[in-house]
Structures are given as C-alpha cells and as structure tokens.
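Subject: Handover of a structural model

Dear colleague,

Please find below the structure that I am passing on to you. I would be grateful if you could read the notes after it with the coordinates open beside you.

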Amino acid sequence: MASKHSDVVVGIVALLTCGCGGSLQVRATVETPPELPIRVFPEVAVVHGTAPEDFDVADALAHHLSASSQDGLRVERVDEDGLERRRGSGAFGPASAVIRVDTHVVETARPTFFSRPDTVCTTWGCNTVRRSVVEDLPVVVGRVMLRVSEARTDRLLQELTIEEREEGSDTLAMRMRVVDRLRRRVIGAVDPGERQLDVELVDVDDAEVRAALQAVREGHPREALATLERVVSRRSFEQRSEEQRARVMFDLGQARRLAARASGEPDVDSRLEVAERTIRDALMLHPEATFARALTQLREERTARERMRAHRAAASHNFALDRGPAVPPAPPGYTAIAPARPR
C-alpha cells in the first residue's frame, strides 16, 4: 500500500501556545491508517446491491480505487451474479478480495415541539400568546455497510458501517446531501488520513529548559533534545525537587518524540518507545494529568504506526502472491543450458 509519507507524523507546525497550568502546545499533523485497508489486495471486485444509491456509492468507490492506484491494483465493479460467474470460472487470483457495498437510505420523522404565536380575539380585544405544538420533523438516515471478503472462498474479513443523518424540511435535498456525504466517507475510508494533534510540553523555571522550549517553537526539536539531555545528565539534576525533575523529564520525553518523528530515520519506532518510557518515568515520579494525556496520545500514535506497518507487509505479501513466478524454476540438477537441436 503506497503512501506519500514514510512516517506517521508528516509535519510539525512551529507554533507554541500557552495553555492552562503552565502547559505549552505544539501542533502536529499525524497520518492515520485507513479504516478499510482494501489496497493491500492486488485485485478487488466491488459488488453493488440493488438500491439506487448502491450504484452511485459503489461506482464512486471503484473509480477512486482505479484512479488513485499506483501499485497495479485491478478493480472491477460487478453485481452478485457477475461475482458468482467469475468465482465459478476460477477467474480470481489467490490474493483477490471482494468488497460489498450495501446502501440504505430511509426517510422518517420524529415528533418535535415548536413554539408559535397564537392571537386570540374577544369582545374585549386581541391577545397574542405563544403555544407549543407538535409536528413531525422529516429525517433522512443513510447507512452504508462495507464488507470485505476473500474472493475465492467468500470468507468474511472485515465489516465497516458508515452512517449519516439530516433533519429538515426538504427531504429530496436532504437525501442528496446524505448520499453525497456517505460517498465521500466511503472513499475516505480506503485511504490513509491525517489528523491534527496538540503535543503538550510544560514550563519549568530553568533558563536551559526554556531555551529548549524556544527551540521547539522555532521548529528545531533535535536542538531542544540535546539541551534537555545535558540538563538531565548533570549530577545536580538529582538535587532538584521531584516535581521539577518530573517536568523536565516530561519535556525530554516529548522532545525525543518530536525529534524521532521529524528525523525520518528507520529507527523511529525504537525512538518513540524510548520517549514513552521517559514520559512514564516522569509520571511515576510526580503524577500530572498532562503526562497521562501524552502517554495515551503516544500509545495511539505507536498503534497507528504498527497498523500502517502491518498494512504494508500484507500488501507486499499479497502482491507477490498475485504475481507469482512467470516460469516454474527448474528442478535441482538441471542446467540452464538447453540441449543442441538435432540437425
């Protein structure tokens, strides 16, 4: 599965903002794995149902997979009968997959209370009051069930449900908007995504630590890392209070985290593991909510990286299985020299 980025974190914005409790935040952009990693298969059959919206959503998905493929992914859109014919003829390769698109759009309503003015006139004059009335508010609910299975055996591999809803008065326009959002979310589910996160650091009453935070603000996390490592390595560091040591160690862990992701080197995962241990040590020394949030965030990032790595490994295996050897290798003992033809 191809990706334009080699690392989970693809960018760090050099923006340092003040938060509550003396915390600081650096905005980072993180790449997330696809919800539906269908690109790990070299051949995909997109199967649509019978609902009118199925054709729209399935066609958009098949077109997107074909247009954006860079690894030779083969995509075909078929119905259930066409799928059975292909399966019966043995046309599917050993690493082929089927993705079924079942779309349902339902128009319903829910009772809603409205307050409306009501003018009552008598012989003594007119009086306007507000009365509560109950009306049915139109609701459009759209749901797409995506099911991925092996093409040859139809063994289910993954299910994903996507739902959209809208309330209003124009049901036709609402229906069109709901289907459009479903279509865009289905397309987005097969691609890696990006999300913004705030990497927190904490202020410490120390000139060197503040210089390190300034380096982070200017977009130089490795310079900050070197400064903080010098601070922690000194013998005098152990003479500081537990709270201050914990806060410096936390900033050190975050600097290791930022420097690892900005480096683009192959040992990013091991560096992130060291960063996580450093933040955990800070949390054990002096618990703070900021430290716990960072640990949770870092674990989620490492999990995302593991999933991306697993997707790449699966894609490599499946595409190699699909290609296979063009000519079977010769049995042991045979030479590569062909015998001379008789004259």
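The notes below describe what was found in this structure.

Please bear in mind throughout that this is a predicted model.

I begin with the nonpolar cores. The largest nonpolar core has 37 residues, and Leu228, Val248 and Phe250 touch the most other members. The elements that each give two or more residues to this core are strands E2 and E8 (193-202) together with helices H4 (207-217), H5 (221-233), H6 (242-263), H7 (268-285) and H8 (289-323). Helix H6 gives the most, with nine residues. Setting aside residues up to four places away in sequence, valine 248 touches Val204, Val209, Leu228, Val231, Val232, Phe237 and Arg240. Another core, of 31 residues, lies apart from the largest one; Leu61, Val144, Ala315 and Phe319 are among its members. In soluble globular proteins, nonpolar side chains tend to be buried together.

Six of the six residues of E3 are buried, so the strand is largely enclosed by the rest of the structure. Glu43, Ala45 and Val47 point one way from E3, whereas Val44, Val46 and His48 point the other way. E3 runs parallel to strand E4 (residues 74-78), to which five bridges join it.

Serine 96 is found in strand E5 (residues 96-122), and it counts as buried because its relative accessibility is 5%. Beyond its neighbours within four places in sequence, serine 96 is in contact with Phe41, Glu43, Glu150 and Ala151.

Which side chain does the side chain of arginine 39 meet in a polar contact? The partner is the side chain of aspartate 191, at 2.7 Å. Arginine 39 has a relative accessibility of 11% and therefore counts as buried.

The buried residues of H3 include Met174, Val178, Val179, Leu182, Arg183, Val186 and Ala189.

The count of disulfides comes to one. Cysteine 121 and cysteine 126 form this link, with their sulfur atoms 2.0 Å apart. The link is right-handed, with 105° about the S-S bond. Are the two cysteines buried or exposed? Cysteine 121 counts as partly exposed because its relative accessibility is 49%, whereas cysteine 126 is exposed, with a relative accessible area of 56%. The cut-off for exposed is over 50%.

Finally, there is a backbone detail to note. Aspartate 154 has a positive phi of about 65°, although it is not a glycine. Most residues other than glycine have a negative phi. Aspartate 154 lies in the loop between strand E6 (125-150) and strand E7 (156-167). With a relative accessible area of 32%, aspartate 154 is partly exposed.

With kind regards

Notes
Residues numbered from 1 in each chain as written. Predicted model: local features only at pLDDT ≥ 70, side-chain atom pairs only at ≥ 80, totals over all residues. Heavy atoms only, no water. Buried < 20%, exposed > 50% of the residue type's maximum accessible area, 1.4 Å probe, protein only. Polar contact = N/O pair within 3.5 Å; in protein donor to acceptor, adjacent residues only side chain to side chain. Core = buried A, V, L, I, M, F, W, Y, C linked by side-chain atoms within 4.5 Å. Helix = DSSP H or I, 4+ residues; strand = E, 2+ residues; numbered from the N terminus. Contact = heavy atoms within 4.5 Å. Disulfide = S-S within 2.5 Å. Pairing = 2+ DSSP bridges.
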